[in-house]
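Q: Please show me how to read a few features of a protein model, with the general idea before each case.

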Amino acid sequence: MYWLVIIIGVVAFISGGLISYFLWNNVLTRRKEKIIKEADNEAEVIKKDKMLEAKEKFLQLKAEHEKIISEKNSKINIAESRIKQKEITLSQKFEEYQRKRNEIDSIRENLKIQLDLVEKKNEDLNRLSKQQIEQLKAIAGISAEQAKAQLIESLKDKAKTEAMSYINEIMDEAKMTANKDAKKLIIETIQRVANEVTVENSVTVFNIDNDEIKGRIIGREGRNIRALEAATGVEIVVDDTPEAIVLSAFDPIRREIARLALHQLVTDGRIHPARIEEIVEKTKKQVEDEIIELGKRTTIDLGVHGLHPELVKIVGKMKYRSSYGQNLLQHSRETANLCAIMAAELSLNTKLAKRAGLLHDIGKVSDEDPDLPHAVSGMKIAEKYKEKPEICNAIGAHHEEIEMTSLISPIVQVCDAISGARPGARREVVEAYAKRLKDLENLALSYPGVLKTYAIQAGRELFSYKNSKRNDISRSD
């Protein structure tokens, strides 16, 4: 009985376990099928989303591709139209060329016919001339050589007498016309070298694209503009003038360095004290190199060789100096050419005269011995760099501070005066300048809309003129 209960219990336990297993397995199967179904649904949704994205991407790429193709086709059409236009132009030019060639061929044929006629006429003239000579021989009874000898013998005494008379007349006429011929020589010399002259002022206007750059140039609390003025030695005037900054200094080299440095800073966009010092130093080196290159190019153009490097540098600096509005380098080149022309007319050494003419104003550029007249200072500089005594004397005597000891010296003096005094060489007188400003004022009053513009222009010109005049007085002859 006890064993039976145990067996029934075991069977009941096993039966319950089997029933529980099958029930749980059925639940798991249903859950698995549900999960798989949900996964299939999500996969289908993702698949549809991806398909839509792929279609949108494809349409976008297709549109971009069509746009690129359209742009390329447009460029190709433009290029084709240009090529067609060039073909039409070339065709027209070719037709014009053919027409001109035909005209030239026709002219050549006419000239050939005319040349044949001229040759035929020359032959007829030679034949007639020979016939006439033979007839004259027969009539005179002597040959042409004998007649010529008799004629020469009969005219010899008369020619001697007349020649002596002509010589005396020519000498008298030469004395009377010497002054006139000298003036004619000077005028012809001026005409052979006359050209325009650059006018230098004591201010430079630096143009900018917009007024916002002014604030960047000034900097916070004015530190940028102070650094720029300290580095260049130039006064920078930033006022209400639209799109312009004024650089003021009596030294044109400093103004040029400031202008180039400011241009580079504005172009680069980085404007601060450290950058300003760096750019100014680079610009100074650049301007020095340009001065040396300009001096070398000037000596090569004029054919003046063997100058000391320091003299070459001084010649290059002449570009940045002026005298009464006349650029010093242009004046020196002009004087050198005038000296060469005048020396050639007088059968003197043209190379020596040209060298003296080029160097005659070096005392205006150098800062050595500022208390001395520029002619004497230039002579000392030339002596320092071993120039010939004739050249040193020509430099020192061209304003008669010392006595002239060579024939080159008066030539340099005269040519210096010619270059400065010829029409258009130097700035107009103050009365003419004031009249110009008065005309500007009247014009501005006639048109009120432009009154402000012309007033600003007149003020700038007057300011530039006054400063330039002050600079000319300080470096006057």
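**Reading the model**

A: Phe22 lies in helix α1 (residues 2-140); helices (H or I, at least four residues) and strands (E, at least two) are DSSP runs, numbered from the N terminus. This is a predicted model, in which local features need pLDDT of at least 70, side-chain atom pairs count only at pLDDT 80 or more, and totals for chains, interfaces and linings use all residues. Residues are numbered from 1 along each chain as its sequence is written, and side-chain values use heavy atoms, with hydrogens and water left out.

Q: Is Phe22 buried or exposed?

A: Buried means under 20% relative accessible area, exposed over 50%, and partly exposed in between (1.4 Å probe, protein chains only). Phe22 is exposed because its relative accessible area is 53%.

Q: How many residues does the protein chain have, and what percentage of them count as buried?

A: The protein chain has 477 residues, and 29% of them count as buried. Its secondary structure comprises 14 helices and 5 strands.

Q: Why is helix α10 largely enclosed by the rest of the structure?

A: In helix α10 (residues 374-384), 8 of the 11 residues are buried, so the helix is largely enclosed. Among the buried residues are His374, Val376, Met379 and Ile381.

Q: Which helices do the buried residues of α10 pack against?

A: Packing is read from contacts, meaning heavy atoms within 4.5 Å. The buried residues of α10 pack against α7 (309-317) and α11 (389-397). After α10 comes Lys386, with a positive phi near 65°.
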